[in-house]
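Please read it with the sequence and the model at hand.

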Amino acid sequence: AIAAKKVGRRSFRALNFFGKRAPVQVKILGEDIAFFPGKDGTIAALWDRCPHRGAYLSRGFCLFDGTVSCPYHGYTFDAAGTCVAALTEGPDSGLNGKLRVRHYPTAIVRGVVFVWMGETEPVPIEEDVPEDLFDPEYVTVPYSSIWPMNWTLTIENSGDSHNSYLHRFRLRRLLNFSAFQQLPAYWSGIRIVEETDNSIGFVPAVDAPQQAYYPGVEAKWPRQVWWRWRRQRKPGVETMAKQPYRNQYRLPSIARVNTSITHLHTRYATPVDEKHTLMWTFGVIRVQTWWQRLWAKFYLRFWYYIFTIRGVNELEDLPVQRYDRLDPTAPQKLGANDQAIIYWRRRMPLKSRDNVRLWKKGLHIVEEMEAQELAAQQEAGD
């Protein structure tokens, strides 16, 4: 949701000359949420409306430890969303303990506040956040920014064949030598390597050459590859995680790319609304010594931010995917390289907790649908 250090900063808004601590509003899934410091270093989150007259709690103040007070009448709520004091109605107000606002469970991991938005009871945070963020041997520096696009587009984009085309060459790639990296000319299908209760891992189906001849245009593409002298990494062998795949989709809204021997690239999308996403990026590096830790922090804050987060994701991916460049409502005809996307769209939503706990619809729906499609294809072939 938000960096923990941004919650509870002192504010000098009108009528607050002494700089009281103030809550912060974050919109998630179309809901306005007010975050404020709880007790014992926690962060509390409430629906950003006072149940008394509807004032925005995020425009109020944290007058008392672990609480937020409405800016209109001073109704004060604790981290559980219970009114503990109605300042303008007196200490004996009948609303004390009765007036409530919805609260959202939170957890802090690596200085980032995570919030549970589900209708059912929250699960341990370890189930929804990648395991390396809890391991002290790993270093990460989280980054976030608002992307003007639906969250599903950028997550799906992380595991398709656009890398061979969109990220092939930019002048800035000369600075970090990625312009000299060997790249396959194409992907020829996707192979699902692993499926778990909350993720799928996949790789390109074949090892394609750097250059290929395309009869339709009577030419080779790419035109020149002689200057690409840096060899490719072997997925699952020369990667940091030693996994048999290099791309992963993971519930609830995570995409991971594991193509480097030095670090993992994790993107965690928080839906703001239908057309905006709070995109979190976690570059993760494993270290063993203090000087490796120091180098990792420097690398992630500068080199990784400039060339990966900004140079690749925000200057190459975002300009193509944003709402004024890509129409997600247009009819789509997916091909062999989109098998992981099809898998993600069809199977993974049925593994979500709301589906399992509330709607109780299993994967048999997808299996029946796939069987019907296969039967139809066979009938058409006959």
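## Basis

This is a predicted model: local features need pLDDT of at least 70, side-chain atom pairs count only at pLDDT 80 or more, and totals for chains, interfaces and linings use all residues. Residues are numbered from 1 along each chain as its sequence is written, and side-chain values use heavy atoms, with hydrogens and water left out.

Helices (H or I, at least four residues) and strands (E, at least two) are DSSP runs, numbered from the N terminus. Buried means under 20% relative accessible area, exposed over 50%, and partly exposed in between (1.4 Å probe, protein chains only).

## Nonpolar core

A nonpolar core is a set of buried Ala, Val, Leu, Ile, Met, Phe, Trp, Tyr and Cys residues joined through side-chain atoms within 4.5 Å. The largest one has 20 residues. Ile155, Ile200, Phe202, Tyr249 and Trp344 have the most contacts inside it. Three elements each supply at least two residues of this core: α1 (151-157), β15 (199-204) and α3 (339-347). Helix α3 gives the most, with four residues.

## Salt bridges

A salt bridge is a side-chain nitrogen of Lys or Arg within 4 Å of a carboxyl oxygen of Asp or Glu. The count by this rule is 12. One of them joins arginine 353 and glutamate 127, at 3.2 Å from N to O. This pair links distant parts of the chain, 226 residues apart. Arginine 353 sits in helix α4 (residues 353-359). Glutamate 127 sits in the loop between β11 (112-115) and β12 (138-140). Both side chains belong to partly exposed residues: arginine 353 has a relative accessible area of 25%, and glutamate 127 has 40%.

Lysine 351 and glutamate 195 also meet in a salt bridge, at 2.6 Å from N to O. Lysine 351 lies in the loop between α3 and α4 and glutamate 195 in strand β14 (residues 190-195), so the pair ties together parts that are 156 residues apart in sequence. Lysine 351 is buried because its relative accessible area is 17%. Glutamate 195 is partly exposed, at 30%.

Aspartate 324 pairs with arginine 322 in a salt bridge, and their closest N and O atoms are 2.8 Å apart. Aspartate 324 is exposed, at 53% relative accessibility, whereas arginine 322 is partly exposed, at 28%. Elsewhere, Lys27, Asp32 and Arg49 are linked in a network of salt bridges.

## Positive patch

Lys5, Lys6, Arg9, Arg293, Lys297 and Arg301 form a positive surface patch. Patches take residues with over 30% relative accessible area and no salt bridge; like charges are joined within 9 Å, nonpolar side chains (Val, Leu, Ile, Met, Phe, Trp, Tyr) within 5 Å. Lysine 6 is in the loop between β1 (2-3) and β2 (10-11). Its relative accessibility is 40%, so lysine 6 counts as partly exposed.

## Two loop residues

Leucine 99 is placed in the loop between β9 (83-86) and β10 (106-109). Leucine 99 counts as buried, at 13% relative accessibility. Its C-alpha atom is 7.7 Å from that of histidine 52, a residue 47 positions away along the chain.

Serine 352 is in the loop between α3 and α4. Serine 352 counts as partly exposed, at 22% relative accessibility. The C-alpha atoms of serine 352 and leucine 251 are separated by 7.4 Å, with the two residues 101 apart along the chain.

Notes
Areas by Shrake-Rupley, 256 points an atom, 1.4 Å probe, with all protein chains shown as cover. Lys, Arg positive; Asp, Glu negative; His and termini not counted. Charge placed at Lys NZ, Arg CZ, Asp CG, Glu CD.
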